[in-house]
Amino acid sequence: MGSKYQKSVRVWFPPLALTLEVIFIVVFFFFTSYPAAVGEKKTLLRTYRAFQDVFLMATLGFGFLNTSLRRHCWSSIAFNLFLLALGVQLAVLLDGLLIQLSLRKMTIDMLSIQKATMSATSVLISAGVVLGKVNLLQLVFMTLIEVTAFSATRLVGMNYLSMEEHVSMMYIHMFAAYFGLTVVCCLQKPLPSASEDKDQTAMSPSLFTMLGTLFLWMLWPSFNSALLEEADEKKKAVLNTYYALAVSMVTAILMSSLAHPQGKINMTHIHNAVLAGGVVVGAPSHLIHSPWLAMVLGFVAGVISIGGVKYVQACLQRTVQLHDTYGVHYTFGLPGLLGGIVNIVLMELHEGTTKSTLDYQGLINLGALGFTIIMAVISGLLTGLLLNLNIWKSTHKSHYFDDQSFWKFPHLAVGY
Amino acid sequence: MGSKYQKSVRVWFPPLALTLEVIFIVVFFFFTSYPAAVGEKKTLLRTYRAFQDVFLMATLGFGFLNTSLRRHCWSSIAFNLFLLALGVQLAVLLDGLLIQLSLRKMTIDMLSIQKATMSATSVLISAGVVLGKVNLLQLVFMTLIEVTAFSATRLVGMNYLSMEEHVSMMYIHMFAAYFGLTVVCCLQKPLPSASEDKDQTAMSPSLFTMLGTLFLWMLWPSFNSALLEEADEKKKAVLNTYYALAVSMVTAILMSSLAHPQGKINMTHIHNAVLAGGVVVGAPSHLIHSPWLAMVLGFVAGVISIGGVKYVQACLQRTVQLHDTYGVHYTFGLPGLLGGIVNIVLMELHEGTTKSTLDYQGLINLGALGFTIIMAVISGLLTGLLLNLNIWKSTHKSHYFDDQSFWKFPHLAVGY
Amino acid sequence: MGSKYQKSVRVWFPPLALTLEVIFIVVFFFFTSYPAAVGEKKTLLRTYRAFQDVFLMATLGFGFLNTSLRRHCWSSIAFNLFLLALGVQLAVLLDGLLIQLSLRKMTIDMLSIQKATMSATSVLISAGVVLGKVNLLQLVFMTLIEVTAFSATRLVGMNYLSMEEHVSMMYIHMFAAYFGLTVVCCLQKPLPSASEDKDQTAMSPSLFTMLGTLFLWMLWPSFNSALLEEADEKKKAVLNTYYALAVSMVTAILMSSLAHPQGKINMTHIHNAVLAGGVVVGAPSHLIHSPWLAMVLGFVAGVISIGGVKYVQACLQRTVQLHDTYGVHYTFGLPGLLGGIVNIVLMELHEGTTKSTLDYQGLINLGALGFTIIMAVISGLLTGLLLNLNIWKSTHKSHYFDDQSFWKFPHLAVGY
């Protein structure tokens, strides 16, 4: 493992990261300040809790979600935190600068960090697709491009396509999934043998993956309701997400049992399916007026997720050479897309009284959905081409932890 | 392992689960809606946090609590979530229908889901007794019966025996423990050799079990105070639970050291004893007026828990053939019973001024306690007899995960 | 392992712990009560959340932080909880008695338990230095002395050196680190061979250590803002801590990559560096007026932490025979000291208008900082000498868990 270690990372990573961090500090020095006006303690507490839940999802949930690949369990958690820390700093600055579109000092409060954390989550989702295929240096570039692209997409959507902030943020699952998939399509394919070795281990999910999944499952209602302002909408979002998650859990066990010739349950299916329930109600959660619809959506998401992994994935891998290790397409991509469409339909029905403006607004909403996907694919293509350049001299391995600390851990060393 | 896989589960589980889920969705479609009246955002937040704590206990706490049996660690977590998801849907409907006793539409808010989650926790406690002795199909039936029985017991207790809602819910530990123990008594006994093999591994608790225990320990104050309305009672419940837990922790280490001939500490003792402290103050927590009483109760609970596992369990296993793998009787059963009795005594002392009504109310309270236990035993007996029918063709194994995903995980494969 | 088991612990630990617990209960019986006046439900909730976060850090964060030493992973968690439970009971009583300085009944509310939990955290930090070098009996004595010393230090600081409560509590990292280091300096040195065996395994951190680190990382903003009263200060503390943590994470990866000849990343570095970011902004967090300063402090903390472990630790170990297994000095000691100094400088600048009183107050603040360190060293010296007495008949091993439960766990048995 040590011998394959890449020179480009060893030489370029420390100065690059240092430069980035210094730039961030300088920009923060010149362009940011805390707001002078002081809110109430109660409001502070409320914001802090929502922020904490989102932060918890990003660190513990996504951190432990991708630990099941034997070779990447350290990298997954440490890189996840590193990318999150980078991404949040960038997203705070971008949100401030792009929204102001000027160089005045911007004020930073807890809400702006919360939104930045949510934006940076896109990197963590995409990392699930590319982990193990790129090195740390490439991940840094991917983070910079993806956060910028997603912030720009959100800004354009909100300013020119009249999207609500909540909806524009909820498209994150879809954006991140298609961004990641496009990047991985562009990357040089690993040799089949190596790929197979990795796939094999990808089938053995660990209790830590379960832990990450549970954290995500549990906090999904907070994520889906974080940007809603009205108490009524917030409550509906929480309850609908909860119902969708409960049904997708039942569906996961059911479908996994059906999918196996002997009725056995595959834990990877469970991981994917339970999250799909939260993703699918993301965008429309505040518009669903009674539990049954959320339950049906949760059911459909579970079916899509496990059916996708079981039947579509193998097909895609053969035809497009798409190597989606964790099934991100079926956990985040398709359910996110479905959620977006359901949201548009519900908005149509909701405002269904005035027929004339209806179609126009519906088209714009569809356009916003399409725009998000197109931006994801374009920026993903750009990233993929950039990461494919020869300068990375990449052998496509990101697990270059200290041999000593890696191999001495018996839990991990066993099994080779 | 694959060869022992039961045909009944393979064939019947998917259609049964699908049918159940469809029934749930249909009932939700016809009989539920969200409340039209909108609460304040502050109230929402308060309810959401309490709900989240209970949810966290149910998923992470109970999910990881029973992972120490080598063969059941996957099943434990996935089945736990599955049973929780089923149980919550059923409990929401039952609570609504039974309380209304009519077929009008019922409104569902966060509090009703919170109560449903607490009710469904009973299944998770009972599952600790029967896990490894029944299959998934049997677990589904057990869930349906237990949640129905517990909801009915609570309803009768509140409507006809003048129990407070808080107390009726806190009897859950006792109910679930005696329900589970009765079920396991009725089941056919596994062969001695297999049983011994399982016992052996039951002695090696893992760090994940510790994680589950810690989540439960930490959130127990939230559970014990969740249904109390007055701020003063809520605060007392939190503080008393905290003191009881702290003392039961100290007692656990102390007793475990005493129980071993060489003074060594057994982690299984710790798991049981620290939870017993939270169980024992469940019912009376809001009536305890100074910390020392909670501390004494925590101490007694620790002694009961470890003394029970050490001295009574072996005796019961010989005489009644009761096979209580995780010591649920000593963690939830006896401490819950003690808590119930202490609650009744404290209520007597509390209202001790008017002598005439005193005895009458005291008798009713005792009757409610007895009624809960009797309901637990009767419904447990019913479940046990049902699960014992030949139709299950059970070889009494619930661990039928995909061999591939199970055996490839080195952590688990090692040790055989 | 069984043969080395110490008679002193076996014989003396149970009666000692029992006596202590009985004394606590008696003191609580005579001297404590709950407050009669009832607060609002909203205030209760707010306090409860802050309390819960601190409690979570103490149990899950510190519990899992020190699990990486192969031989101490059980001891670490169980002992951690035991010491926490003991320490909190003692700290509640001490805070009450010392602040009142009389024997009247004291009232205990949630805030006093929160402060007691924070004080008891000092034991958990120090335990990171001495774990594996002392037995359980010695740990109990260490807990009693350290909590008493820290409470006395805080009291003197607040009453006679005009320290704010927040600052006096934030010196806990520094206090605990230097206390622990002094204790370990006094202890008899383990034989070199055994020491080397332990060091070797100390290099293989586990995912559980990562879990503990993440819990601490995530909740650090709560810890740093727990004792601040004004909403504005609270918010600044949260935001500054967040920025410092984010930058220290980036710095950790960067420095770890720089420190290794081949650019590989060492997970032990990451654990240390990410926490150092939270420690350094502890004392001054409410005085920092814009993000960049917190970011610079986080950067410096990361550099100190990894630089210290890499270059200074080996030197200290050779010269002073200081054996700091987990690098507590560089995670808590030095960053805490730096934070204290920054706090004094910021207070000077903040009140910089009235020149005359300035120097005087600055000197007092410096004195308070020095006083805390001196108290830590003196009480640590006292503890170290006490623990070095022959009565302990110590072979310096604290891992005396039930052989059966320990060795049966394959995960741990492998690797020997």
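This text walks through a predicted model, from one whole chain down to single residues. Because the model is predicted, local features need pLDDT of at least 70 and side-chain atom pairs count only at pLDDT 80 or more, while totals for chains, interfaces and linings use all residues. Residues are numbered from 1 along each chain as its sequence is written, chains are lettered from A and ligands numbered from 1 in the order in which they are written, and side-chain values use heavy atoms, with hydrogens and water left out.

Let's begin with chain A. Its secondary structure comes to 16 helices and two strands; helices (H or I, at least four residues) and strands (E, at least two) are DSSP runs, numbered from the N terminus. Of its 416 residues, 67% count as buried. Buried means under 20% relative accessible area, exposed means over 50%, and partly exposed lies in between (1.4 Å probe, protein chains only). A contact means heavy atoms within 4.5 Å. Among the contacts in chain A with a separation of 6 or more, 83% join residues 24 or more positions apart.

Now for some helix pairs. Two packed helices are described by the angle between their axes and the distance between the axes. Axes are lines fitted to C-alpha atoms, for helices over the stretch in contact, and angles run from 0 to 180 degrees between N-to-C directions. Angles under 35 degrees count as roughly parallel, over 145 as roughly antiparallel, 65 to 115 as roughly perpendicular and the rest as oblique.

In chain A, the axes of helix H5 (residues 136-160) and helix H7 (residues 172-186) come within 11 Å and cross at roughly 140°, so H5(A) and H7(A) are oblique to each other. The residues that make this contact include Phe150(A) of H5(A) and Phe175(A) of H7(A). By class, the contact of H5(A) with H7(A) has seven nonpolar, one polar and one charged residues. Here Ala, Val, Leu, Ile, Met, Phe, Trp, Tyr, Cys and Pro count as nonpolar, Asp, Glu, Lys and Arg as charged, and the others, Gly among them, as polar.

Compare that with helix H11 (residues 267-280) and helix H13 (residues 328-350) of chain A, whose axes come within 8 Å and cross at roughly 25°. H11(A) and H13(A) are therefore roughly parallel to each other. Among the residues that meet are Leu275(A) in H11(A) and Phe332(A) in H13(A). This contact of H11(A) with H13(A) divides into eight nonpolar, four polar and no charged residues.

Not counting residues up to four places away in sequence, Phe82(C) touches residues including Met249(B) and Leu136(C).

Finally, which residues does Gly128(A) touch? Leaving out residues up to four places away in sequence, they are Asn66(A), Tyr326(A) and Val328(A). Gly128(A) sits in helix H4 (residues 110-130) of chain A and is buried, with a relative accessible area of 2%. Its C-alpha atom is separated by 8.4 Å from that of Asp324(A), 196 residues apart along the chain. In chain C, Ser222(C) belongs to helix H9 (residues 207-225) and is buried at 6% relative accessible area.
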